[in-house]
Amino acid sequence: MIKAGIIGATGYAGGELVRLLTAHRGAEIVWYGSRSYIDKKYADVYRNMFRIVDADCMDDNMEELSEQADVIFTATPQGLCASLVNEDILSKVKIIDLSADFRIKDVSVYEQWYGIRHQSPQFIQEAVYGLCEVNREEVKKARLVANPGCYTTCSILTAYPLAKEGLIDMETLIIDAKSGVSGAGRGAKVPNLYCEVNESIKAYGVASHRHTPEIEEQLGYAAGEKVVLNFTPHLVPMNRGILVTEYAKLKRETDYEEVKAIYDRYYGEETFIRVLEKGVCPETRWVEGSNYVDIGFQIDPRTGRIILMGAIDNLVKGAAGQAVQNMNLMFGLKESEGLEIVPLFP
């Protein structure tokens, strides 16, 4: 059994990690870390775990945890993992970081967008960007994985095949994204209160959202060129889910069959990516609670553009599910172990 420790187990992503790993046949949780609830029973924080988890919350002592675990998940705010990790720890245990600390390869870009100094830049180049469907072989050999962001996972996977094949003009790419409120985390913030969110939709982080450089960097690798794009997220009054709609000019005339063949070539064998049938648009309701990515597209011959659409559950494929998928790869398990969950409906 893989011994897993979670730092940040009482946040939304951490709670999802507990839910998924509790049912995982090849792993057991040995550390429920939560700075806010030290010595409090985990099941008192998340009552859905009553009579399922009989353990107390512990601190974020990564040094001690590295002696007990085979893998550490850090579902924490930006900067914490980078402040705790060191060579001695990485020599003993694998780390899957759900924050942005090791996602961006240019430390100056990270510090510019996140407004903090990176405390362990020596590990940035080693860290593998844990988008499994793109970097599978690298993830298998990694000891430090940067788990992608939720918006970025959906945005990148939706456009990746066409960027890689050079079918779209990357200078024209615009990404419009919408997320449920859980994407903002579990902390109490006035803008996320029920009366502030309910019956409303709003854009935020316009031209400044921190996932922008991550999307640009990864799609730039795919396209083989520097990518600068507009990314605009929106908050919608639902618990879970992300829907992205992406617009780009086509470099040449094409048709549905050619584009569908490209997607099938990249994703046809992927367990968790479902390219939908012609005319079917992704909906967050059909991926809720699951590790699936649903992708659709529509060519607009009138404007010479293609409209790409993707949907994920932000807490599963956008966070905890992808982290478990990475763990499975790192330890040589079946990639889908613990993740073969049918989406919830209604």
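Predicted model: local features only at pLDDT ≥ 70, side-chain atom pairs only at ≥ 80, totals over all residues.
I read its strand order as S8-S9-S7-S10-S13-S12-S11, in an open sheet with mixed pairing. The edges are strand S8 (202-203) and strand S11 (273-275), each of which pairs on one side only. I then looked at what packs on this sheet, and noted helix H11 (residues 256-267), which touches S11, strand S12 (293-300) and S13. The direction of H11 makes about 155° with that of S12.

I went on to the pairing of strand S10 (residues 242-249) with strand S13 (residues 305-312), which is antiparallel and has eight bridges. Besides the pair I began with, I found isoleucine 242 opposite isoleucine 312 in S13. S10 also pairs with strand S7 (residues 174-179), in the antiparallel sense and over six bridges. There I noted isoleucine 174 opposite tyrosine 247 in S10.

**Entry: the sheet of six strands**

I found another open sheet, with six strands in the order S2-S1-S3-S4-S6-S5 and parallel pairing. Strand S2 (27-33) and S5 stand at the edges with a single partner strand each, so one side of each has no neighbour in the sheet. I checked strand S1 (residues 2-7) against strand S3 (residues 71-74) and counted four bridges in a parallel pairing. Glycine 5 stands opposite isoleucine 72 in S3.

**Entry: helices H1 and H12**

I looked up how helix H1 (residues 12-22) meets helix H12 (residues 316-330). Their axes come within 9 Å and cross at roughly 45°. H1 and H12 are therefore oblique to each other. The crossing in which H1 passes H12 is right-handed. The residues of this contact divide into ten nonpolar, one polar and two charged. From H1 I wrote down Ala13, Glu16, Leu17, Arg19, Leu20 and Leu21. On the H12 side they meet Val316, Ala319, Ala320, Gly321, Ala323, Val324 and Met327.

**Entry: isoleucine 116**

I found isoleucine 116 in the loop between helix H6 (107-114) and strand S5 (128-129). Leaving aside neighbours within four places in sequence, isoleucine 116 is in contact with Gln78, Gly79, Tyr110 and Glu111. Glycine 79 is 37 residues away along the chain, and its C-alpha atom is separated from that of isoleucine 116 by 7.4 Å.

**Entry: backbone exceptions**

Most residues other than glycine have a negative phi, and most peptide bonds are trans. I looked for departures from this.

- Aspartate 39, in the loop between S2 and helix H2 (42-45), has a positive phi near 75°. I recorded aspartate 39 as exposed because its relative accessibility is 64%.
- Alanine 207, in the loop between S8 and helix H10 (212-223), has a positive phi near 60°. Alanine 207 is exposed as well, with a relative accessible area of 65%.
- The peptide bond from phenylalanine 345 to proline 346 is cis, with omega near -5°. I found proline 346 in the segment after H12.

Notes
Residues numbered from 1 in each chain as written. Heavy atoms only, no water. Helix = DSSP H or I, 4+ residues; strand = E, 2+ residues; numbered from the N terminus. Contact = heavy atoms within 4.5 Å. Axes fitted to C-alpha atoms, helices over the stretch in contact; angles between N-to-C directions. Parallel < 35°, antiparallel > 145°, perpendicular 65-115°, else oblique. Left-handed = near helix turned anticlockwise from the far one by under 90°. Nonpolar A, V, L, I, M, F, W, Y, C, P; charged D, E, K, R; others polar. Pairing = 2+ DSSP bridges. Buried < 20%, exposed > 50% of the residue type's maximum accessible area, 1.4 Å probe, protein only.
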